[in-house]
Amino acid sequence: LRFDSRTLQPGDVFIALKSADYPRLRGRADADGHNYVLAALAKGAVGAIVERIPDGISADDPRLVVMPSTYQALIDIGTVARNRFNGPVIGITGSVGKTSTREMMACAFSAFGATHASEENYNNIQGVPYTLANIPLNADYAIIEMGMDCPGELTPLTHMTRPTIAVITTVAPAHMANFENGLDGIADAKSEIFLGLAPGGTAIINRDMSTFARVFGNARTAGVAHIHTFGEHADADARLIQCVEARNGTQVTAKIMDETVSFNIPAGKHQAMNAMSVLLAVKISGLSVARAAKTLGAFTAIEGRGREEPLNIGDPNNPVILIDESYNASPAAMNAAFRVVALIDPGRGGRRIAVLGDMLELGPQGPKLHADLALPIRAANIDLVYTCGPLMKHLHDTLPANTRGAHRDTSSELAQIVPDVLVPGDVVVVKGSKSSRMDIVVEALRALPARKASAAHHTHLTDQPKEDTRHVL
């Protein structure tokens, strides 16, 4: 099943979703899937679920299935697919770390059987049923990421998913503008995941977070019989004993219930903490913790969420290191990104550079939370900071003069500046909330090697000695 005709493969079924039924897409002119049915059929779709007959298609075309609501049809298909699946289902939510934990969980469980997991950012009322609908018949495990911006959003997702294991990565300031009770309100909203937990299911909760007691109480109130915890806390069931961070990876020692394991992951402490919840889920599922821990060495961050890329801008032995964190941002996630940057030594003549866009939906505390980033930036020995957006202006004004790069209103304006600032050996992290569009800066930086190469080639040609066309008398 596909709702994006660009990703459709021959043999798929296309479902034409409309922005009117999907609040986050309202106002987008291109958000009516009926405009793409013809293209989907031309690409080899065997059928299309629609609400009306699209232009250019016969009303009696047998490939069309007409439904009162394609939005409801997607939910119904996802629900049926979940009811058909009998394997373990791990549901994951949290203020930060959801997607990384999902990818790490999929990496670990793939060592034991066919594992189906959410794609990209498909973690909402559209993405969750889509993920469920596409569970293969031969799947052994399903990993479902669930996100929310407001109270009540997780409830229908968890009832649809019915996880056998529900994981809350952490509760931190994110989407604060939508919660009157601050962190307690976020904790309650994240705890909604327990409402759909399958009978006899297990909750896995971060033991170190400040709202642990509230989340634990919510799990008990929801009737969860089995509750396990992870973190550095002495009472955690999956306890991070030692974490040695280095440029070439992080050495982790942990005690997972009654079993001590040591392993490496190519990431920082925040990912080591995510690994605790993963290995705890493996243990609870009756699988080998040692085997799962070994597989985590192959885990890699995904695009927009910490992936590192070398950029050759003139010295292949001294590249720029780009850290793409452009997908999302919160104070906790910013701090984790700065910790990673601090571990990477710049190359010859290089510097540590941060390019930051607004962290959105933080409510009245937004300006202060942005200004407060100055301290972890200094602790990470970041040399230059480029910012964009009205909220990041508060950080720009707080930074020492020698650390200020430049501030602009939009990421598009920064994308015109930052590429020309970089020199071989720089380490640059790009981060901001998705709506800040920091991906525009990332793409500008990715284009830099080709731009530099083209400029060098042009210079080479123009520097060639010109043929002497004067007549010799």
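Q: Methionine 257: buried, exposed or partly exposed?
A: Methionine 257 counts as partly exposed, at 34% relative accessibility. Buried means under 20% relative accessible area, exposed over 50%, and partly exposed in between, with a 1.4 Å probe and protein chains only.

Q: Before we go on, what sort of model is this?
A: It is a predicted model: local features need pLDDT of at least 70, side-chain atom pairs count only at pLDDT 80 or more, and totals for chains, interfaces and linings use all residues. Residues are numbered from 1 along each chain as its sequence is written, and side-chain values use heavy atoms, with hydrogens and water left out.

Q: Back to methionine 257. Where is its place?
A: In the loop between E11 and strand E12 (259-265). Helices (H or I, at least four residues) and strands (E, at least two) are DSSP runs, numbered from the N terminus.

Q: What about phi of methionine 257?
A: Near 60°. That is a positive value in a residue other than glycine.

Q: And arginine 437, what is its phi?
A: Positive, about 60°, although arginine 437 is not a glycine. Arginine 437 is found in the loop between E18 and helix H15 (439-446). At 40% relative accessibility, it counts as partly exposed.

Q: Which residue follows H5, and what is its phi?
A: Arginine 162 follows H5, and its phi is positive, near 45°.

Q: Stay on H5. Which of its residues are buried?
A: Leu154, Leu157, Thr158, Met160 and Thr161 are buried in helix H5, which spans residues 154-161.

Q: How are they placed around the axis?
A: They cover an arc of only 160°, which puts them on the same side of H5. The arc is that of the directions from the helix axis to the C-beta atoms. An α-helix has 3.6 residues a turn, so residues three or four places apart point the same way.

Q: What do the buried residues of H5 pack against?
A: Helices H2 (70-84), H4 (127-133) and H6 (182-190), plus strands E4 (89-93) and E6 (141-145). Contact means heavy atoms within 4.5 Å.

Q: Threonine 131 next. Which helix is it in?
A: Helix H4. Threonine 131 is buried, with a relative accessible area of 3%.

Q: What is threonine 131 in contact with?
A: His116, Ala117, Ser118, Tyr122 and Ile144, leaving aside neighbours within four places in sequence. The C-alpha atoms of threonine 131 and cysteine 150 are separated by 21 Å, and the two residues are 19 apart along the chain.

Q: Change of topic. What is the volume of the second largest pocket?
A: About 360 Å³. Pockets are found on a 1 Å grid over the protein atoms alone: a pocket is an open set of points where a 1.4 Å probe fits, with protein on both sides within 12 Å along at least five of seven lines, and lining residues have an atom within 4 Å of a point. Grid points are joined across faces, edges and corners, and a volume is the space filled by probe spheres set on the points.

Q: How many residues line the second largest pocket, and which lie nearest its centre?
A: It is lined by 22 residues, and Pro266, Ala267, Gly306, Glu308 and Val340 lie nearest its centre.

Q: Which elements give two or more residues to that lining?
A: Strands E11 (249-256), E13 (307-311) and E14 (320-325), and helices H8 (269-284) and H10 (331-343).

Q: And by class?
A: The lining of the second largest pocket has nine nonpolar, eight polar and five charged residues. Ala, Val, Leu, Ile, Met, Phe, Trp, Tyr, Cys and Pro count as nonpolar, Asp, Glu, Lys and Arg as charged, and the others, Gly among them, as polar.

Q: Serine 100: where is its place, and what does it touch?
A: Serine 100 is in helix H3 (residues 98-109). It touches Gln271, Asn274 and Phe299, not counting residues up to four places away in sequence. Serine 100 is buried, with a relative accessible area of 14%.

Q: Which side chain makes a polar contact with that of serine 100?
A: The side chain of glutamine 271, at 3.4 Å. A polar contact is a pair of N or O atoms within 3.5 Å; within protein, one must be able to donate a hydrogen and the other to accept it, and residues adjacent in sequence count only if both atoms are side-chain atoms.

Q: Last one, aspartate 4. What is its side chain's polar contact?
A: The side chain of arginine 6, at 2.9 Å. Aspartate 4 lies in the segment before strand E1 (13-15), and it is buried, with a relative accessible area of 16%.
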